[in-house]
Amino acid sequence: MPHSGDISTTVAVVAADEVVREAAVAALEADTSLAVSTPEGDGARAVRAGVERGAVCVVCGPDETYYDAVRDVDRTRPVVVVDPGGDRIDGDLLDRLLEDPSAAYVADGEHTSRLVRSRVRDFVERERDEVGWHLADLSGEAIVSFDLDSYALREANETFFDHWALDPPDIDDATLADLRETDITHELRGRGRGEPGEEELEWLRDGGPIETFVQGALDGDFERREWHCAGVDGAFKTEVEIVADRSAGIGYLVGSVPDGGPPDDDEGAMLRSLVEHVPMSVYFKDDQSRHVLVSEDVVEPFIESPEGKILHTPEDVHGKTDFDLYEAGHAEDAIADDRQVVESGKPIRGRIERASPPNGRDLFFQTTKAPWYDESGRLRGTVGVTVDVTEQKRREHELDRQNQRLDEFASIISHDLRNPLNVAAGRLERYRQTGDESDLDTVAEMHERMASLIDDVLSLAREGDQIEETERVDAGVVATRAWATVDTGAATFEQDWAYPIEADPDRLVRLFENVFGNAVEHGGEDVTVRAGTLDDEPGFYVEDDGPGIEVDDPETVFERGVSADEAGTGFGLAIVREIAEAHRWSVAVAEDDSAPGARFEFTGVTRAE
């Protein structure tokens with residue numbers, strides 16, 4: 001649309017009175033955006049000459065002849081009538097001017113020049129706006145103007161009303177947000193799994209997608225977005241962009257519209273909808289394993305190539321193989337699968353792949369690949385679909401763990417609790433027969449053992465749950481808290497922590513309590529216990545200088561019921577393992593014949609920077 005700085009607007013000045021003509025010309029020539037013409041002749045001839053030369057506005061004297069001549073040529077051409085004395089105009093003509101929306105009356109006075117320029121500029125801007133909307137109707141795209149501050153809609157062209165489910169009266173009460181049902185671009189972005197750096201790709205600012213869209217246009221960002229809109233003939237998708245005129249406080253939304261042809265079975269459009277909007281990784285590769293078409297989800301939130309290049313869009317991936325995108329081991333496996341499909345013509349269905357991001361939880365993906373043939377039946381390459389099944393795998397793992405715990409609890413009830421219960425019942429019966437009170441001591445001891453077993457079973461049940469949220473934890477502070485709650489007697493505690501970790505602090509306290517209790521129980525009150533971070537990988541250790549692991553296979557100490565102490569329940573380290581696995585850590589006994597005592601190492605821990 002035209003802007004108010006174009007030196008392309010002609011204004012014709014026609015007047016029989018030379019004073020009026022010279023004053024009007026002088027006033028208009030002060031505005032460099034206007035070109036002033038003074039056609040020769042009197043009355044209708046001068047007016048017609050000015051209009052034929054392209055004058056968008058006519059300035060004339062108070063003579064009725066000039067006004068009538070303009071209206072004879074064009075009923076809507078703007079006219080500014082200047083009355084030098086303020087008393088020369090006929091009352092009937094003045095009434096006609098006041099009723100004419102395309103006419104203005106300026107009487108002589110101190111500010112006549114300014115008023116003439118102002119009235120002419122008003123008409124010129126209005127004329128430009130009308131011309132702009134006329135051109136918009138011819139452009140084939142929908143255009144709607146809105147207020148940059150309130151986003152209230154102002155006007156729209158015919159193309160807009162032909163497609164959007166809004167009538168002209170609806171514009172008065174609508175805002176920019178009412179034009180779409182969904183901002184597809186907003187829905188597609190930021191759907192990643194929380195990988196580091198994803199937040200830097202988010203284009204949304206405070207306020208939401210509409211505010212971000214408008215602010216981007218004000219900052220010179222003319223990126224097109226995709227909107228899902230309610231239309232006259234049903235919902236449709238449009239690409240929209242905003243052009244902002246900051247000086248006028250007006251924005252223009254320009255949107256593409258569907259063509260007028262009848263719907264058909266457009267397989268290409270179906271494929272585009274699949275790769276653009278379905279939340280899964282879909283990719284086509286040629287027979288050399290080069291990507292020729294990929295969905296948005298393949299690069300969500302981004303791919304970092306082995307060379308450190310960040311790939312944001314599907315276009316960044318086109319023409320590249322897996323070796324250009326991923327580490328060598330993954331790329332070799334993927335391309336081997338491609339070759340198998342191409343050479344055999346048989347699909348690979350439902351293959352589960354595991355990814356281990358640094359300092360993060362394992363991710364699981366299910367991939368299916370099939371041959372890709374063109375319409376003539378010639379093999380072109382492979383088509384693959386990869387779906388994130390991480391949550392499904394985690395649920396399956398947790399279900400297996402729960403079933404295992406149910407089996408353990410059934411064993412505890414049938415064996416571990418039944419044994420002391422039988423002993424207590426037998427000693428009680430013998431006491432009734434003999435009156436020997438030492439039997440009652442055994443009954444009390446068996447009850448204490450059953451109480452301990454019940455407490456440990458409850459702890460095992462609670463600690464076995466998955467941990468969904470962790471936080472940055474100073475493990476040294478948590479370990480000190482745990483040490484204070486354990487009856488450690490004269491034992492010594494030393495720490496050496498190099499960095500914080502991600503953990504559930506309450507569960508971590510329980511883990512430390514059990515490991516410390518185990519060390520003191522087996523090492524005595526003069527044992528020294530040390531804890532700290534590992535050097536080679538993210539994780540931590542707890543060790544003591546006691547007698548060490550006194551069982552044939554050290555790894556069995558984490559199993560329920562295994563204890564070198566006949567009085568122990570064998571649940572302390574089993575609970576430690578449950579807490580570690582709930583964090584998705586691994587715990588193992590470190591074997592070192594040269595060092596006395598026991599050492600437990602916890603790996604798979606996320607280091608909190």
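Visitor: Hello! What separates E396 and K393 in helix α14?

Guide: Welcome! E396 and K393 are 3 residues apart in helix α14 (residues 390-416), so about one helical turn separates them. Keep in mind that this model is predicted. The two side chains form a salt bridge, with the closest N and O atoms 3.4 Å apart.

Visitor: Which residue meets R432 in a salt bridge?

Guide: That partner is E429, at 3.9 Å from N to O. The rule asks for a nitrogen within 4 Å of a carboxyl oxygen, so this pair counts. R432 and E429 are 3 residues apart in helix α15 (residues 418-434), which puts about one helical turn between them. R432 is exposed, with a relative accessible area of 61%, while E429 is partly exposed at 39%. Salt bridges can also share partners: K285, D322, D338 and K369 are joined into one network that way.

Visitor: How many salt bridges are there by this rule?

Guide: The count comes to 19. One of them joins D100 to R71, with the closest N and O atoms 2.9 Å apart. This pair links distant parts of the chain, 29 residues apart: D100 is in the loop between α4 (91-99) and β5 (103-107), and R71 is in helix α3 (residues 64-73). Both D100 and R71 are buried.

Visitor: Let's turn to strands. How many residues of strand β22 are buried?

Guide: Start with a general idea: in a regular strand, side chains alternate between the two faces of the sheet. Here, 5 of the 6 residues of strand β22 (residues 528-533) are buried, so β22 is largely enclosed by the rest of the structure.

Visitor: Which strands pair with β22, and do they run parallel or antiparallel?

Guide: Strand β20 (residues 492-496) runs parallel to β22, and 5 bridges join them. To find that pairing on screen, look for T492, which stands opposite T528 in β22. Strand β23 (residues 539-544) pairs with β22 in the antiparallel sense, over 5 bridges. There, T533 stands opposite F540 in β23. β22 and β23 form a hairpin, with 5 residues between them.

Visitor: One last topic, backbone angles. What is the phi of S289?

Guide: First the general idea: most residues other than glycine have a negative phi. The phi of S289 is near 65 degrees, a positive value in a residue other than glycine. S289 lies in the loop between β12 (281-286) and β13 (291-294). With a relative accessibility of 2%, S289 counts as buried.

Visitor: Where is R584, and what is its phi?

Guide: R584 is in the loop between α19 (572-582) and β24 (586-589). Its phi is near 65 degrees, again a positive value in a residue other than glycine. R584 counts as partly exposed, at 25% relative accessibility.

Definitions and conventions. Residues numbered from 1 in each chain as written. Predicted model: local features only at pLDDT ≥ 70, side-chain atom pairs only at ≥ 80, totals over all residues. Heavy atoms only, no water. Buried < 20%, exposed > 50% of the residue type's maximum accessible area, 1.4 Å probe, protein only. Helix = DSSP H or I, 4+ residues; strand = E, 2+ residues; numbered from the N terminus. Pairing = 2+ DSSP bridges.
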